Amino acid sequence: MCPFFLKAQSDTVLMRPIEIMGFGLVPYATGDVVRVIHTVDPLKTLDAALFSQAGIYMKNYGHQQLSTISFRGTSAVHTNVLWHGIPVNAPTLGSTDFSQWHAWLIDDVAIQPGNQGALYGSGSIGGTVFIDHFNKIRTNTAAIGLGLGSFGYNFQGGSAEYKKDQLQGTTHIYREAINNDFTYPLKGTDLIQTQQNAAALSYGFRQELQHFWNNQRLSVDLLLFYQHRESQPVISQNYAQDFIKTHNIKSVLEHFIDVNKGSISTTLGWINDQMIYNQNPAIRSQQITLTQRYEYDIGHHFHLNSGFLISLLAAKGSNLENINPQKQLDFFMIATYRINDRWSSTLGLRESFMIDAGSKLLPSLGAERKWIFPKGSLVSHAKIAKGFRYPTLNDRFWLPGGNPSLKPEQSASTEIGFKVRYRKLNTQVNVYQTWAQDWILWLPQSGNIWRPENIQKVAISGIEYVLGYQYSLNQTELESQVVLNFQRSINKSAYPSQAAYGNQLPYVPYFTAIWSNKWPIKKLSIALDQSYTSRRYTTLDQLDTYAVDPYFLLDVAADYPLILSKVTTQISLKANNIFNSYYENIQNRAMPGINFQLQIIIKL
Amino acid sequence: MIQAKYSFNSLPLYVLFFATLFFVSCTEDPEVDPENASADDTTENTLGSFSSGIFVINEGNFLSDDGSISFIDSEGVVQNDIFSENNALLPLGDVVQSMYLWDTTAFILVNNSNKIEVVDGDEMKLLHTISDVSLPRYMVSEGDYGYISEWVSFIDRGRISILDLNTYEILDTINVGFGAEALVIRDNKLYVSNNFEKTLSIMDLTTREIIQTITVGTSPAAMIIDQNRDLWILCSGGYNADFTLANNGSLVRLDSNDEVIQEIALGMNVTGKMAANVDLSTLYFYNGTTVYSYGIGDESCDTFIENTSAIAFYGIGVAPDGDVYIGDSKGFQSLGSVYVYDQMGGAKEEFQVGRGPNGFVFIPD
């Protein structure tokens, strides 16, 4: 197996210090940071894991509702999401609803912050999220998951891994439901209001199969999601009847072959999404993607990673009629030069073409220096890169208003970072700056029509700080992790007025902080997770009167394993928001106060 | 010895504990204490009376629950968000469509919140919430009864709800066409423009029955009774099959016998808002950032003003002194602006108001 296919361990424990490592299909590129997100809570959705472990701000439109990402001060369309290396952002909206990705169906997740246009193509501006890969070794195990909690929460899931001779696979299935009838104090009144119309029901199924022979591997993975969610209304409108139904089919077929000093992987993905809002006609989208990646060692110092990606994107709906499938073709090459054990550098280059939407040449250059000490190490890295994003199908073809002549959004970024390991302390700091232009905004036009235009310029700067440490305490180890994110995402265009120039973009918090702790006491494990999200403005005016208040949350969990013969039963009791704070993630959409959850995971 | 070791190793726990407190103390507690909020509001309420000036209805961003009311007093001082400021920060709602003033009582119709907030117009104090309405749009009154147009939904027929103005009870609902929009009362008849159709429904206010449905232009919206008692209907225009603009907006004139006596093709689609000058001889409407004027009896309209620095006009009104007030939504990216022009189209003032200003209620001195 190619050394660059180092993978995350599947049995990683909570609070393991964040590591920089290759991850499945993430090509190792010097100058970049890859963080593994441990989906330690198999009964959560991916948005919760991304926030609780990386402090990435997720826009939740209510409890267990639509959840989109704001990575490094960008909006949801500026994060590329790759499943087995296939881009899976919806072709219509250009973004991913992370609440649809349930941890029960996922093996591994990693993030790569920053501008990765040369490596991953369109949309990798704020960062890239990687979901799953085919480099896992399965065992013969099975698990049953049960969950009960506040507001009518219940979960039932089953999973099995199997391996025999040259075959292996995994099957997962789950059902999750919640009434979401929590109560909250209604602002400006002495009323305690019960949330209405926020129930959610979801089903998911995953089937992965792999066959190995000689130096080759054939893999297939199929994901089916179904969600029926009532659309949680704003607090002043507590009697809505809106709902959203989504059906998603994602499938991927991959052939991998080890060749002399390298490997070739060929991946074919087919994605079919359908969304129905209330009684309106369904909006359907389809994507077929073929990508091939060739990795090759040239001597002891050079590593080459090159390939292509072809995508066909199509959508159909009452406002998306007669759209010809959009064709995208990318060629990419990533060359890594290891000067010695301490110095390495990477040059990335991607040429991307979209029929009728232009083409982009995207270079990136990264370098890394290591210092090894007797009890630790220091790694510094730096990178400069360009990024871009193609307009979505809605941007180009929505009727009325779609603008087929939109250009791709453009960006350029630079960052520098340091990672220090010293005994049981592990810390990282990254400083970054991004300049973006031609960002697409929908603007009102004459005749009551809105039309997207390449109008916005944005300057983003920030610091990310991660600290992981372990204390020995009475023969146990207290593990702790701190993640701090500071970010300024500044409007540099005079739209919609000169007064808006220089102001923070809406729904980008200046500051998020995570502090997670785990304390094992014999077999019992206590987890204490704190998070802080600063004020978020809701308009470009940067006025406190048009802002969502900051909030602090404290969650506590206790885990206890019962081991009986070969059966391990993990019992977890969780209390979330234990200060019972009223808070909003999106303006005037209530989030629940204190709530409890009991989880039982039986592993066979 | 054991004691000492334990104390030393407990240090991280103390750090954790105090840091937790630090985190908490750094957080502004967003939890609402209604009693305190009310008390603070009482002491800080120096907004005074809203008995003379201009109410600006700010629609707010769709699904953001940030609609509001602004007030521009006779000195030109703007007070924003006066509903929340006078009601302990209670959000007004999602898509504030219009406000109707009946004596000193204001009815604020909040479209996507499916409610009407009834407030004391002088102090903006909440009196009552009417919640058995569905996508309410506009309101008029005659005697002790209010008439409310409601879209109901995008697939059901619109309706008119009849409101007892003293008890705030909905007494009856009468189905009309799809997208029940603007309302006008003339000669004991209620005229309803059905915005999703090409029709106008006419209801007899005595029998409360629909007595006539008249075909007008595409997407009828605002209506005004001119100095001749003729009714003018602004029709926004529609779309072609491929969703391009049909550019078939029109002005339709209905005489006192409810006969269509004039139709003026505008050659463009227009926004469905309209205002008239003080003596009801000139109509104003707009498209994009250009306002057009139409003199009653003319064959065509003229450009009244064009504001190239504006983003998108979203509401229009004429003050008792004849000045023309125009709201600019700023594309809902930031707070809106109100531009004031004299009767000749000369720019006079600009005010920053709430998000998405879509209409005005003028209270004369």
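Tutor: Let us begin with helix H1(A), which is mostly covered, since seven of its nine residues are buried. Please keep in mind throughout that this is a predicted model.

Student: Which residues of H1(A) are the buried ones?

Tutor: They are A:Leu46, A:Asp47, A:Ala49, A:Leu50, A:Phe51, A:Gln53 and A:Ala54. Just after the helix comes A:Gly55, which takes a positive phi of about 70°.

Student: What makes the link between the side chains of A:Asp297 and A:His303 a polar contact?

Tutor: The two side chains are joined at 2.7 Å, and a polar contact requires a pair of N or O atoms within 3.5 Å, so the value meets the distance limit.

Student: Why are strands S12 and S15 of chain B said to stand at the edges?

Tutor: Four strands of chain B form an open sheet in the order S12-S13-S14-S15, with antiparallel pairing. Strand S12 (180-186) and strand S15 (209-215) each have a single partner strand, so one side of each is left without a neighbour in the sheet. Neighbouring strands of this sheet are turned by 25° against each other on average, direction ignored.

Student: How do you know that S14(B) and S15(B) pair?

Tutor: Pairing asks for at least two bridges, and strand S14 (residues 199-204) and S15(B) share six bridges in the antiparallel sense, so the two strands count as a pair. One example is B:Leu200, whose bridge partner in S15(B) is B:Ile214.

Student: Which residues have the most contacts inside the largest nonpolar core?

Tutor: That core has 63 residues, and those with the most contacts inside it are B:Phe55, B:Ile69 and B:Ile108. Helix H1 of chain A, with five residues, gives the most to this core. A second, separate core of 16 residues includes B:Leu234, B:Leu251, B:Leu266 and B:Val270.

Student: How many cavities does a search of the whole structure find?

Tutor: The search finds 13 cavities of 30 Å³ or more, and about 870 Å³ of space lies in the largest cavity. That cavity is lined by 45 residues, of which A:Lys44, A:Ala48, A:His63, A:Tyr583 and A:Met591 lie nearest its centre.

How values were computed: Residues are numbered from 1 along each chain as its sequence is written. Chains are lettered from A and ligands numbered from 1 in the order in which they are written. This is a predicted model: local features need pLDDT of at least 70, side-chain atom pairs count only at pLDDT 80 or more; totals for chains, interfaces and linings use all residues. Side-chain values use heavy atoms; hydrogens and water are left out. A polar contact is a pair of N or O atoms within 3.5 Å; within protein, one must be able to donate a hydrogen and the other to accept it, and residues adjacent in sequence count only if both atoms are side-chain atoms. Axes are lines fitted to C-alpha atoms, for helices over the stretch in contact, and angles run from 0 to 180 degrees between N-to-C directions. A nonpolar core is a set of buried Ala, Val, Leu, Ile, Met, Phe, Trp, Tyr and Cys residues joined through side-chain atoms within 4.5 Å. Buried means under 20% relative accessible area, exposed over 50%, partly exposed in between (1.4 Å probe, protein chains only). On a 1 Å grid over the protein atoms alone, a cavity is a set of points where a 1.4 Å probe fits but cannot get out, and a pocket is an open set with protein on both sides within 12 Å along at least five of seven lines; lining residues have an atom within 4 Å of a point. Grid points are joined across faces, edges and corners, and a volume is the space filled by probe spheres set on the points.
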